[in-house]
Amino acid sequence: MQEKYSIGEVAKMLDISTRTLRFYDEKDLVKPAYIEENGYRFYEKEQIKQIELILFLKDIGFSLKQIKILVQDQHGKQSLELLLKQQYQENKQKINELTAKQKQIEHLQKTGVLSAALTNFSDITSIMRKENKMTTVRRKILIFLIMLIIIELIGISLMYALRLSPIIAIVIALLGAVFFSKYYYDRVEYVCPNCGNIFIPSFLAFNLAPHTPKFRKLTCPKCGKKSYCLEISRE
């Protein structure tokens, strides 16, 4: 004679509620082995194994609709393989989406615009779009700088070959540096981390300020605080 378990015992055994078991019964997922005249439900080991399978499939992302089709299918093994492949792809897509979101959050934390966003929610999307655009801007500026250096080196070499004064070479180098600095300045603006204000500093302040690849220490014209401000693309 097979062992029988009450609905309460099964619920405790599988760490689920009796309400869940009744729901599975109503949805024709797993019915009790038998129900006594007083309405008490009893399960045997076969039903418990079915419930364990349902809980496992739910845990890896299957919907109850998919599980019902699976448990009622005569070719359950083949259906399970197909559903597993489908669920694997869906889970993979969700993981990729979550990874992308995690990278956005990490990027926000690294760029230091979170405190600015708290005071200026309306500009956060624009700020992030412009900050992302800076990668393209910096790449173009790097190419421009390399070309400028090559031109200056060619010019200096020609001057030495023609025995011209080195002062001309120095002047050309200074003009090139000023031109490059102005080119860069015209394509950037800054976000104050204290008040979220987006501003363009003077050309002199831009050149004299200490800076990192993404930040420049400037005084915000709105709040008057001097801090490292995020560099973004000027549109």
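Start by selecting α3: its buried residues (under 20% relative accessible area with a 1.4 Å probe, counting protein chains only) are Q47, I48, I51, I54 and L57. Before you go on, note that this is a predicted model, where local features need pLDDT of at least 70, side-chain atom pairs count only at pLDDT 80 or more, and totals for chains, interfaces and linings use all residues. Residues are numbered from 1 along each chain as its sequence is written, and side-chain values use heavy atoms, leaving out hydrogens and water.

**Stay on α3.** Select residues 45–59 and check the distance between the end C-alpha atoms: they sit 21 Å apart, which agrees with the 21 Å that 15 residues should span at 1.5 Å a residue. That expected span is 1.5 Å times one less than the number of residues. Now step just past the helix to G61, whose phi is positive, at about 110 degrees.

**Zoom out.** The protein has nine helices and seven strands; these are DSSP runs, H or I of at least four residues for helices and E of at least two for strands, numbered from the N terminus. Of its 235 residues, 32% are buried. Among contacts (heavy atoms within 4.5 Å) with a separation of 6 or more, 54% link residues 24 or more positions apart.

**Next, select β4, residues 188–191.** V188 and Y190 point one way, E189 and V191 the other, and all are buried. In a regular strand, side chains alternate between the two faces of the sheet. Which strands pair with β4 in the antiparallel sense? One is β7 (residues 226–233), over four bridges, and another is β5 (residues 198–199), joined by two bridges. Strands count as paired if DSSP finds at least two bridges between them. Click on V191: it stands opposite L230 in β7 and opposite I198 in β5. Then follow the hairpin from β4 to β5, with six residues between the strands; G196 in the turn has a positive phi of about 80 degrees.

**Last stop: the open sheet of three strands.** Its order is β1-β3-β2, with antiparallel pairing. The edge strands, β1 (5–6) and β2 (34–35), each pair on one side only. Select β2 with β3 (residues 41–43) to see their two bridges, and find Y34, whose bridge partner in β3 is F42.

How values were computed
Buried < 20%, exposed > 50% of the residue type's maximum accessible area, 1.4 Å probe, protein only.
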